[in-house]
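Please open the structure in your viewer and keep the selection panel at hand.

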Amino acid sequence: MRTTKVTRWLGSSAVQALLVLVALVWVTPLAGLLLSSLRSERDNAADGWWTSVTEPSQLSFDNYRALLDDSGLVQAFWNTVLISVPTTVLVVGVAALAGYAFAWLEFPGRDWLFLVVVGLLVVPVQIGLLPVAKLFGAVGLFGTVAGVVLFHVAYGLPFGVFLLRNFFAEIPREMLEAARIDGGGEWRIFRRLVLPLGRPALASLAIFQFLWVWNDMLVALLFADGESQPLTVALQSQMRQFGSNIGVLAPGAFLSLVVPLVVFFAFQKHFVQGVMAGSVK
Amino acid sequence: MDRPPGNTDSATAPRSPSDGPPRTPRRPKARAAADPRRRALRRRRLLGAAFALPALLLLGALVAYPVVFSVGRSLFDASGDRFVGADNYAEMFRDPATLKALRNSAVWVVVAPVLLTGLGLVLAVLTEKVRWATAFKLVLFLPMAVSFLAAGIVFRLAYEQDPDRGVLNAVVVGVHDAFDEPSPYPTARAREGEGLSGAPADGYTSGGLRPGSVAVLPFVGVAPGAVPAGATAARTPEPAPDGLAGTVYLDFAPGAGGRAGVVDTREKGLPGMTVEAVGEDGAVAASARTAADGTFRLDGLGDGTYRLRVPAANFAAGYGGVDWLGPALVTPAIIGAYLWVWTGFSMVLIGAGLAALPRDVLEAARVDGANERQIFRRITVPLLAPVLTVVFVTLVINVMKVFDLVYVIAPGPVQEDANVLATRMWLVSFGGGNDQGLGSALSVLLLLLVVPAMVFNIRRFRKGGSR
């Protein structure tokens, strides 16, 4: 009996040690980015970021100060905000309307159309790049923030509609009918009943969508021009001289991380649910 | 994460209501139906269509139409003027760069989901045994919040070739040097015309010597600061009766007055240098390392002439670490970065499945004397099979579409070795290739490859009981 206890204890501390090691491996790259972003160009060229663990005097906010003076990157940061916030609002709004319609309203071809929407879930963004670029070029949306937003909204919708329709469908029928008998119009029911009840799903969708767009590079790489490019694209164009400009890349990358990290820690539960749910994409 | 996400959250699980959304019962065509009621019905239907309209318009114009357009465009040539049928699809398998991308995509799709599912499963099972599981999950899930661009920058830093700058090579070199001591004198070379011939890369050899002789082997090219701390003043040893003796030293005295090829008072020995005696048949007859004063002694040599050899290993350049982002390793290296991002996802999803397993089955097995490994293999894994499948399929879809990470991490010169379907499609269509025919064909191929997963997803959704 005692030996099993001992082996169990040994086993569990081995597991603990292993997990600590794994966690360290996971944190190290991010720590490296953070420390690199706080070191001068010269220090970064001379040796690795880990030397600053023993020589904390190397660390300063100079890179960040320089970054904030770089109007191009600051503009790119605002572009990221200007792209992700409207996209999120639009996806959630349009998908909620459609989700409610698909769940509770009657219109011709409803079920068939819903299956099509579900089918569109897996259309890769890549397939839309060229045709939509031509389309946007024809109507003057190419290279604008609005164009990037519209593209993101369209490709966020299949999942949004899918998620919200399934969630709204669970609202007890009696509740809706009671509201209808009380003389509420559909719009009123939607706003007063469906949206509040759907809040958890709306939050998950919003968080997922926000992060998806905030972190996107591919779509903006094509649809945004120098004026409207978000942070990811602006940093990507700096990558060509990687090594010589870690002083811009590391703090820039960290700046782009801050917002998702804040979202992550502020809405842990919704965040995980949103990412999990969104992963079917 | 105060409760296990994934399977229990009503917010997101595509589960369907027990009673299902109503298909508003078709109203009997009451001849006497009052006009206002009919109007209300028509109004409701119009309203339904109006609610769905914005979504349907956007989806139609920006998602559905592009699929049709791309399929059509893929049948035309680069400029779009000439119909070429399936030529672009054949071209994929002829063009070496595209073929390489297809191969890489195959590697990705096979390797990444398997590793991620396996890793997620193992970690999910292990975290069940510790109290700080939530904190651990949080740490591993963190990279999911990070953009692939930022992850790319993180790993470009980590994979840096120079061991003084890239953390991975710093570790690799550290481990390597702990087992295999680095060569002590990478810069040293023999003083010319003083009895040794050869080059650092091939090693040096002396002329023939008989046992009992003493050899003086002068070297230069070692900075005074690079001489090992333990080195003492060089001296010429006593001859060995049945062997060779000698000294390997730095033929350079700080200050002035040193004579070339002679052991002067202030000159230091070069300790740790390997010296071999090579017989007439070319075989190594004896081998020794120099002492702190540079002396060595090769005893037990039979009659005959021997050459002294100072092998190249003494001068080998230090181990430089692994060329992570070179052509050979760039794809595995990027897959490694991908694992960093996605392991948390797979672990949390599988962990949620694990938490939902019937405890009594596991307990019963334990009572029956099954050990942990048996429980894992015979009970946990089979019961988890549905969850594992979901994770795996989801990962396959995502891996198929991987773009940013490859685009960002692979340095320009090896981009072609790292390309996958999505990056190749990008380069062909927009990144200079300017062949929109082939580009469209690649995007259609990408769609076709995800279709099986789409079918799986829709099936799962319908089985969930939509109706």
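**Before selecting**

This is a predicted model, in which local features need pLDDT of at least 70 and side-chain atom pairs count only at pLDDT 80 or more, while totals for chains, interfaces and linings use all residues. Residues are numbered from 1 along each chain as its sequence is written, chains are lettered from A and ligands numbered from 1 in the order in which they are written, and side-chain values use heavy atoms, with hydrogens and water left out.

**Stop 1: chain A, coloured by confidence**

The mean for chain A is 87, and 93% of its residues reach 70 or more. Among the elements of chain A, helix α5 (residues 71-104) has the highest mean pLDDT, 95, whereas helix α15 (residues 268-278) has the lowest, 69. Helices here are DSSP runs (H or I, at least four residues), as strands are (E, at least two), numbered from the N terminus. Where pLDDT is low, the predicted coordinates should not be read in detail.

**Stop 2: the two domains of chain A**

Next select residues 2-60 of chain A as domain 1 and residues 71-278 as domain 2; such bounds come from an automatic or database domain assignment. The C-alpha centres of these two domains of chain A lie 35 Å apart. Seven residues of domain 1 of chain A are in contact with nine residues of domain 2 of chain A, contact meaning heavy atoms within 4.5 Å. About 640 Å² is buried between domain 1 and domain 2 of chain A, with carbon and sulfur atoms giving 74% of that area; buried area is the accessible area (1.4 Å probe) that two parts lose on being put together, summed over both.

Within domain 1 of chain A, show A:Leu33, A:Ser37 and A:Glu41, which lose the most area to domain 2 of chain A and together make up 60% of what that side buries. Between these two domains of chain A there are zero salt bridges, a salt bridge being a side-chain nitrogen of Lys or Arg within 4 Å of a carboxyl oxygen of Asp or Glu. The elements that give two or more residues to the side of domain 1 of chain A touching domain 2 of chain A are α1 (2-37) and α2 (41-46) of chain A, and α1(A) gives the most, with five residues.

**Stop 3: chain A against chain B**

Now display both chains and select their contact, which takes 110 residues from chain A and 102 residues from chain B. The area buried between chain A and chain B is about 9,600 Å², and carbon and sulfur atoms give 75% of it.

Which side chains meet in a salt bridge here? Those of A:Glu106 and B:Arg45 do, at 3.9 Å from N to O, and the count between chain A and chain B is one salt bridge. On the side of chain A that touches chain B, the largest share, 14 residues, comes from α1(A).

**Stop 4: the whole structure**

Note on methods
pLDDT is the predictor's confidence in each residue, from 0 to 100.
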